[in-house]
Amino acid sequence: MGTVVPPSPSLSFLLLAGVIQVFEITTPGALILPLMGTVLCAYLPCRLEQAGRLRTDAVVERVEHALIDPACDVDALLKREIRTSLLSQTLRAAALYLLCFAGLCLALCSVRNMYDGLPDFVAVTAPVLLCAGSLGALLALRTRRAFAVFVLAVWLVLLAHRV
């Protein structure tokens with residue numbers, strides 16, 4: 001199975017901070033939908049990490065070949081690979097943030113247009129938000145049932161607000 005890559009809390013935090021500023025969210029109730037969206041976005045780096053590991057395997061093979069070949073400059077190869085890796089990681093992280101932020105803003109704009117504003121759940125207070133934050137434990141189970149429960153909960157919240 002390999003190592004497990006946890007969700008990215010920093011991506012989720014940065015996205016939520018940006019969304020709060022853009023949509024001028026000031027009440028805990030209006031924070032529910034953006035919070036759920038950022039939680040889902042936090043799992044994207046996990047999937048990208050799997051793709052990055054395949055690229056890392058190719059780098060390891062090049063380094064192993066360089067160690068065998070006496071004509072190859074191993075130090076120069078390692079410096080180049082490290083530099084390339086750092087640059088690509090930075091660019092991927094920035095692109096991922098921008099894509100997630102744009103997607104989240106578009107989704108929230110469509111919800112805002114559908115409901116004439118972001119739903120503000122008046123019953124949601126700071127303690128209720130703390131309980132909602134415990135959904136992270138449910139999503140950490142990484143099973144299809146856990147994700148199904150999460151999606152169902154979001155759907156029920158939207159349905160309850162519309163009625």
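**Figure 1. Asp-116 in the loop between H4 and helix H5 of the predicted model.** Asp-116 lies in the loop that runs between H4 and helix H5 (126–133). The structure shown in this and the following views is a predicted model. The phi angle of Asp-116 is near 55°, a positive value in a residue other than glycine. With a relative accessibility of 75%, Asp-116 counts as exposed.

**Figure 2. Glu-24 in the loop between H1 and H2.** Glu-24 is placed in the loop between H1 and H2. Although Glu-24 is not a glycine, its phi is positive, at about 50°. The relative accessibility of Glu-24 is 66%, and the residue counts as exposed. Glu-24 is also among the residues in contact with Val-19.

**Figure 3. The salt bridge between Glu-81 and Arg-62.** The structure holds one salt bridge. This salt bridge is formed by Glu-81 with Arg-62, whose closest N and O atoms are 3.0 Å apart. Glu-81 lies in helix H4 (residues 74–115) and Arg-62 in helix H3 (residues 44–68), so the pair ties together parts that are 19 residues apart in sequence. Glu-81 is buried at 12% relative accessible area, whereas Arg-62, at 39%, counts as partly exposed. When residues up to four places away in sequence are not counted, Glu-81 touches Val-59 and Arg-62.

**Figure 4. The aromatic pair of Tyr-43 and Phe-147.** Two aromatic pairs are present in the structure. In one of them, the ring centres of Tyr-43 and Phe-147 are 5.7 Å apart and the planes stand at 85°, so the pair is edge-to-face. Tyr-43 lies in the loop between helix H2 (32–41) and H3, and Phe-147 in helix H7 (residues 144–162), so the pair ties together parts that are 104 residues apart in sequence. Tyr-43 counts as buried at 15% relative accessibility, while Phe-147 is partly exposed, with a relative accessible area of 27%.

**Figure 5. The aromatic pair of Tyr-97 and Phe-101.** Tyr-97 and Phe-101 form a stacked aromatic pair, with 5.8 Å from centre to centre and 15° between the planes. Both residues belong to helix H4, where they are four residues apart and thus separated by about one helical turn. An α-helix has 3.6 residues a turn, so residues three or four places apart point the same way. Tyr-97 is partly exposed, with a relative accessible area of 23%; Phe-101 is buried, with a value of 19%. Phe-101 is also one of the residues in contact with Val-19.

**Figure 6. The largest nonpolar core and the contacts of Val-19.** The largest nonpolar core has 26 residues, of which Leu-15, Val-19, Phe-23, Ile-25 and Leu-108 touch the most other members. The elements giving two or more residues to this core are H1, H2, H4 and H7. H4 gives the most, with eight residues. Leaving aside neighbours within four places in sequence, Val-19 is in contact with Glu-24, Ile-25, Pro-34, Phe-101, Leu-104 and Leu-108. In soluble globular proteins, nonpolar side chains tend to be buried together.

**Figure 7. Leu-31 and the buried helix H2.** Leu-31 has its place in the loop between helix H1 (9–23) and H2. Leu-31 is buried, with a relative accessible area of 15%. Not counting residues up to four places away in sequence, Leu-31 touches Leu-16, Ile-20, Ile-25 and Leu-129. The C-alpha atoms of Leu-31 and Pro-119 are 8.9 Å apart in space, although the two residues are 88 residues apart in sequence. In H2, seven of the 10 residues are buried, so the helix is largely enclosed by the rest of the structure. The buried residues of H2 are Ile-32, Leu-33, Pro-34, Met-36, Gly-37, Thr-38 and Cys-41.

**Figure 8. A nonpolar surface patch that includes Leu-156.** Leu-152, Trp-155, Leu-156 and Leu-159 make a nonpolar surface patch of about 400 Å². Of these residues, Leu-156 is found in helix H7. With 43% relative accessibility, Leu-156 counts as partly exposed.

Conventions
Residues numbered from 1 in each chain as written. Predicted model: local features only at pLDDT ≥ 70, side-chain atom pairs only at ≥ 80, totals over all residues. Heavy atoms only, no water. Salt bridge = Lys/Arg side-chain N within 4 Å of Asp/Glu carboxyl O. Buried < 20%, exposed > 50% of the residue type's maximum accessible area, 1.4 Å probe, protein only. Phe/Tyr/Trp six-rings, centres within 6.5 Å; stacked < 30°, edge-to-face > 60°. Patch = residues over 30% accessible without salt bridge, like charges linked within 9 Å, V, L, I, M, F, W, Y side chains within 5 Å. Areas by Shrake-Rupley, 256 points an atom, 1.4 Å probe, with all protein chains shown as cover. Contact = heavy atoms within 4.5 Å. Core = buried A, V, L, I, M, F, W, Y, C linked by side-chain atoms within 4.5 Å.
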